[in-house]
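Please keep the sequence and the structure in view while reading.

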Amino acid sequence: MEGNKKAFYFLLTPVLIWLVLLIIIPHIDLFVSSFKAENDAGTLVWSLENYIEFFRDSIYWRTFLNTAMYAIGVTLLAFVVTFPIAFYLTKVVSKKYASFLTLLLLIPLWIGELVTIYGWVIILGDHGVINESLKWLGIIDTPIKLLYTDLSMTIGLLYMSMLFMIIPVMTTLESLDDSLIEAASDLGASKWTIIRRIVIPHSMPGIINGAIIVFMLVIGDYVAPNILGGKSSLWFTEQIYNQFLSTFNWNEGAAFGFLLLMLSSAVIWLALKLSGQKLDKVGQ
Amino acid sequence: MIRSLPSSPLYKGGYTLYVALFFLFLVLPLVAISVLAFNDSNFIALPWKGFSLDWFFANTDDRLGLFHDEDLLISIWVSILTATAMAILSTIVGTIAALLFEQEKFRFKGLLYFFAIAPLVIPGVILGISILLSSTYVGNLLETKYGIDAAVFSPGFWLVVFGQFSFGATYAMLLVGARLKKFDPTLEEAALSLKATRLESIRYITIPFLKPAIIGAFAVTFLMSFSNFNTTIFLIGSDQTLPVELFSRIKFSSTPVLNAVSFMIVLFITIAAVANLFLSRNKK
């Protein structure tokens, strides 16, 4: 039908403009720019220089590996910390409180990362809430160094990303029939066995979805490592920011960006492969 | 361990304690920010020196309250404008994309859908730098080849809007798409058999059905834009958005006025969330 064709192109055109201009072309540009560098005469030519530089200077690849390992660690931590909460909200607490508590979970998310990270600066600082409280209680005389350490950075990264673990896990737990747990319990299974054999396998799709989003957010975060991290807690995004906003070597920055994109894609691909899921499901 | 099964008091008590500690962890930064916004002190630190509204209203040499701090007020205004433009664009294109992917069949649909959901798993920094690279490239090309100085392609308000829209549309698409899955296609078939065109049936049948999801998508993308830092920082011109302004103040010149502005955000989000809870309850 003629009208259907018109409607189809009416729908297709804006979507194509969005995806081609803002997703596809920029990423091709990122890829191309990363293989260009200035020669001695100062003109841009094809070159592997940006990638050679990455391996030549150990600070770059060390930071890269450090960030990757750290992000995996925070992702595991987010799962361990939030899984009991997701279970509590879906299976334990009465429905009346569950909706209120779930709302409470979402509030920090909408308030935004900058504000909540700033909150942690106030809490963890030398004259912050924790140190002043301990002093007031007479437990310490001089402040403990909490801010600008790996600990404060971990807290910040966990705080800003953990919600993205809870929500998908809650969604899968809601579809778990309580009678399965009751049956296992009647047959004498211990709590640990029920969690290991029934609850976790059932919520696996949610856990994988959550892990993918948490990993991606942590690996690409700049605010928490930069504000809360110490001098030793180098984050790879900081290298990208430096190349773009301080030293203005955009081609080197493009190479770093492309490596980060490859790293996050590889980990996400692996997680999807191992769990037999498709990318389509991640958004749900 | 679940509502219907008995548990030992020790298990129950321990579990409840863990959940309580978790929620304390969740709200602690927000409480700390809010309380210290009213501290009569020039430093963002304890001890408590008495209640004061100075950090909202004062205009003296050593205290500049929020409502006299022009840079901060301007950045809030810039953020509101950016978020409004981004949310309108994202909601429109996201809704169109949802209609396209849910209701149309065409070649390369799977590939196109892959690009549409890719922003979920692309770190924000990468979107920022790749859009910066390609817009700068196009801008330079226009200027050197045709002598056109197109402001849209250099860092500034519109580039920020487009950069945030590149992922905002994805979230709007998923939110609207989730509701579209529940749409009864016979409604549209009825309209079509009554000689409505496809576009008319979208306009008069589908869109009204999607309205709650469209409003939701607008709210979600607005808040995403309002708190975005990672993508924005690369695309920003001279007009700072609130998160960028907050970031530089936290790094270089923090006074309790930051608590005042953060408190306003916390207050606004909390009221909106509670109102939303009551509204959705009344509907049931």
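## Salt bridges in chain B

In this predicted model, the side chains of Lys181(B) and Glu102(B) form a salt bridge, with a separation of 3.2 Å from N to O. Lys181(B) belongs to the loop between α6 (157–180) and α7 (185–193) of chain B, while Glu102(B) belongs to helix α3 of chain B, so the pair ties together parts that lie 79 residues apart in sequence. Lys181(B) counts as exposed because its relative accessibility is 54%, whereas Glu102(B), with a relative accessible area of 34%, is partly exposed.

A second salt bridge joins the side chains of Asp69(B) and Arg249(B), at 2.8 Å from N to O. This pair links distant parts of the chain, 180 residues apart, with Asp69(B) in the loop between α2 (54–57) and α3 (70–103) of chain B and Arg249(B) in helix α10 (residues 242–252) of chain B. Asp69(B) counts as buried at 6% relative accessibility, and Arg249(B) also counts as buried, at 10%.

## Charged residues in chain A

Glu132(A) forms a salt bridge with Lys135(A), their closest N and O atoms being 3.5 Å apart; both residues lie in helix α6 (residues 129–136) of chain A, three residues apart, which is about one turn of the helix. Glu132(A) is buried, at 14% relative accessibility, while Lys135(A) is partly exposed, at 28%.

Elsewhere in chain A, a network of salt bridges links Glu49(A), Glu53(A) and Arg56(A), and the charged end of Lys36(A) sits over the ring of Trp46(A), 4.7 Å from the ring centre. Over all chains, the count of salt bridges is nine.

## The nonpolar core

The largest nonpolar core has 176 residues, and those with the most contacts inside this core include Trp18(A), Leu105(A), Phe101(B) and Phe229(B). Helix α3 (residues 58–92) of chain A gives the most to the core, with 15 residues. Leaving aside neighbours within four places in sequence, Trp18(A) is in contact with Ile23(A) and with several residues of chain B, among them Val93(B), Ala97(B) and Phe165(B).

## Aromatic rings

Over all chains, the structure holds 42 aromatic pairs. In one of them, the rings of Phe101(B) and Phe106(B) have centres 6.4 Å apart and planes at 35°, so the pair is tilted; both Phe101(B) and Phe106(B) are buried. Ring pairs also connect Tyr222(A), Tyr241(A), Phe244(A), Trp250(A), Phe229(B), Phe234(B) and Phe247(B) into a cluster.

Notes: Residues are numbered from 1 along each chain as its sequence is written. Chains are lettered from A and ligands numbered from 1 in the order in which they are written. This is a predicted model: local features need pLDDT of at least 70, side-chain atom pairs count only at pLDDT 80 or more; totals for chains, interfaces and linings use all residues. Side-chain values use heavy atoms; hydrogens and water are left out. A nonpolar core is a set of buried Ala, Val, Leu, Ile, Met, Phe, Trp, Tyr and Cys residues joined through side-chain atoms within 4.5 Å. Buried means under 20% relative accessible area, exposed over 50%, partly exposed in between (1.4 Å probe, protein chains only). Helices (H or I, at least four residues) and strands (E, at least two) are DSSP runs, numbered from the N terminus. Contact means heavy atoms within 4.5 Å. Rings of Phe, Tyr and Trp (its six-membered ring) pair if their centres lie within 6.5 Å; planes under 30 degrees apart count as stacked, over 60 as edge-to-face and the rest as tilted. A charge sits over a ring if NZ of Lys or CZ of Arg is within 6 Å of the ring centre and within 35 degrees of the ring normal. A salt bridge is a side-chain nitrogen of Lys or Arg within 4 Å of a carboxyl oxygen of Asp or Glu.
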